[in-house]
Amino acid sequence: PTGVTLPYVEQGDPAGVPVLLLHGVTDSWRSFELVLPHLPPSFHVFALSQRGHGDADRPLTGYSFHDFAADVAAFIDALKLGPIILVGHSMGSGVAQRFALNYPDRLLGLVLVGSFATLHANPAVREFWDSAVSQLGDPIDPHFVREFQQSTLAQPAPVAFFETVVQESLKVPARV
C-alpha cells in the first residue's frame with residue numbers, strides 16, 4: 001500500500017508471537033543474520049529491509065520516520081499479523097518509536113537497541129552529518145562505507161558477515 005517492496009526473512013512458529021526486527025541506517029535484514037539463530041523458535045520472527053536499504057525499493061523521496069513507520073504498518077497488514085513486538089536498532093529504533101506513537105494499538109511490546117532521543121539534538125550525529133554524510137554522492141566510496149561499518153562494531157565480527165554488511169551498505173543511495 002505504500003508503494004514499496006520490502007524483502008524480509010521469516011522464521012519460527014507461525015502461531016507464535018510476531019516479532020519484527022528493524023535495522024539501522026545503511027543496513028538491511030542481513031544485519032540480523034547472527035541474531036536470528038539465537039531467537040526462540042516459539043516466536044514468529046520477521047527481519048525486513050526498510051525502504052532504500054538492501055534490496056528494498058528505493059523511491060526518490062519518503063525517508064522520514066513517518067514513511068518508514070507507515071511501511072511497517074503496511075507490512076503488518078499485508079501479512080495479516082496481529083499486535084507485534086517491535087525491535088528497532090539505531091535508525092530502526094527511531095522508526096520503532098514513531099510506529100509506537102502512530103500505531104500504539106498494534107504493539108505488544110517495544111525494544112529499542114542503540115537508541116537515541118533525537119537526531120537533531122545529538123551533537124555527535126550533527127557533526128557526523130555536517131562533516132561526512134551531507135557531502136556524500138553516488139556511488140558512495142567503499143572505503144567510507146567500510147570505515148563507517150567498522151566504527152559501529154563493539155567487538156570483532158566474522159569476516160564473511162562484515163563483508164556482507166559492507167556490500168549491503170553499498171546498495172544504499174546517498175539520498176537515503
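Student: Why are α4 and α5 called oblique to each other?

Tutor: In this predicted model, the axes of helix α4 (residues 142-151) and helix α5 (residues 159-169) cross at roughly 125° and come within 9 Å. Roughly perpendicular covers 65 to 115 degrees and roughly antiparallel needs over 145, so α4 and α5 count as oblique to each other. The crossing in which α4 passes α5 is right-handed.

Student: Which residues of α4 and α5 meet?

Tutor: From α4 they are Val 145, Arg 146, Gln 149 and Gln 150, and these meet Phe 162, Glu 163, Val 165, Val 166 and Ser 169 in α5. The residues of this contact of α4 with α5 divide into four nonpolar, three polar and two charged.

Student: What makes α1 and α2 roughly perpendicular to each other?

Tutor: α1 packs against helix α2 (residues 91-102) at an angle of about 70°, with the two axes 8 Å apart. Angles of 65 to 115 degrees count as roughly perpendicular, and α1 and α2 are therefore described in that way. In their contact, Phe 65, His 66, Phe 68, Ala 69, Val 72, Ala 73 and Ile 76 of α1 meet α2 residues, including Met 91, Val 95 and Phe 99. The residues of the contact of α1 with α2 divide into nine nonpolar, three polar and one charged.

Student: How many aromatic pairs are there by the rule for ring centres?

Tutor: The count comes to seven aromatic pairs, where ring centres must lie within 6.5 Å.

Student: Why is the pair of Tyr 8 and Phe 75 called edge-to-face?

Tutor: The ring centres of Tyr 8 and Phe 75 are 5.0 Å apart and their planes stand at 85°; since planes over 60 degrees apart count as edge-to-face, the pair is given that name. Because Tyr 8 lies in strand β1 (residues 8-12) and Phe 75 in helix α1 (residues 65-78), the pair ties together parts that are 67 residues apart in sequence.

Student: How do you know whether Phe 75 is buried or exposed?

Tutor: Its relative accessible area is 7%, and buried means under 20%, so Phe 75 is buried. Tyr 8, at 34% relative accessibility, counts as partly exposed.

Phe 75 also forms an edge-to-face aromatic pair with Phe 46, at 5.8 Å centre to centre and with 80° between the planes. This pair links Phe 46 in strand β3 (residues 44-48) with Phe 75 in helix α1, 29 residues apart. Tyr 8, Phe 46 and Phe 75 form one aromatic cluster.

Note on methods
Residues are numbered from 1 along each chain as its sequence is written. This is a predicted model: local features need pLDDT of at least 70, side-chain atom pairs count only at pLDDT 80 or more; totals for chains, interfaces and linings use all residues. Side-chain values use heavy atoms; hydrogens and water are left out. Rings of Phe, Tyr and Trp (its six-membered ring) pair if their centres lie within 6.5 Å; planes under 30 degrees apart count as stacked, over 60 as edge-to-face and the rest as tilted. Helices (H or I, at least four residues) and strands (E, at least two) are DSSP runs, numbered from the N terminus. Buried means under 20% relative accessible area, exposed over 50%, partly exposed in between (1.4 Å probe, protein chains only). Axes are lines fitted to C-alpha atoms, for helices over the stretch in contact, and angles run from 0 to 180 degrees between N-to-C directions. Angles under 35 degrees count as roughly parallel, over 145 as roughly antiparallel, 65 to 115 as roughly perpendicular and the rest as oblique. Contact means heavy atoms within 4.5 Å. Ala, Val, Leu, Ile, Met, Phe, Trp, Tyr, Cys and Pro count as nonpolar, Asp, Glu, Lys and Arg as charged, and the others, Gly among them, as polar. A crossing is left-handed if the near helix is turned anticlockwise from the far one by less than a right angle, and right-handed if clockwise.
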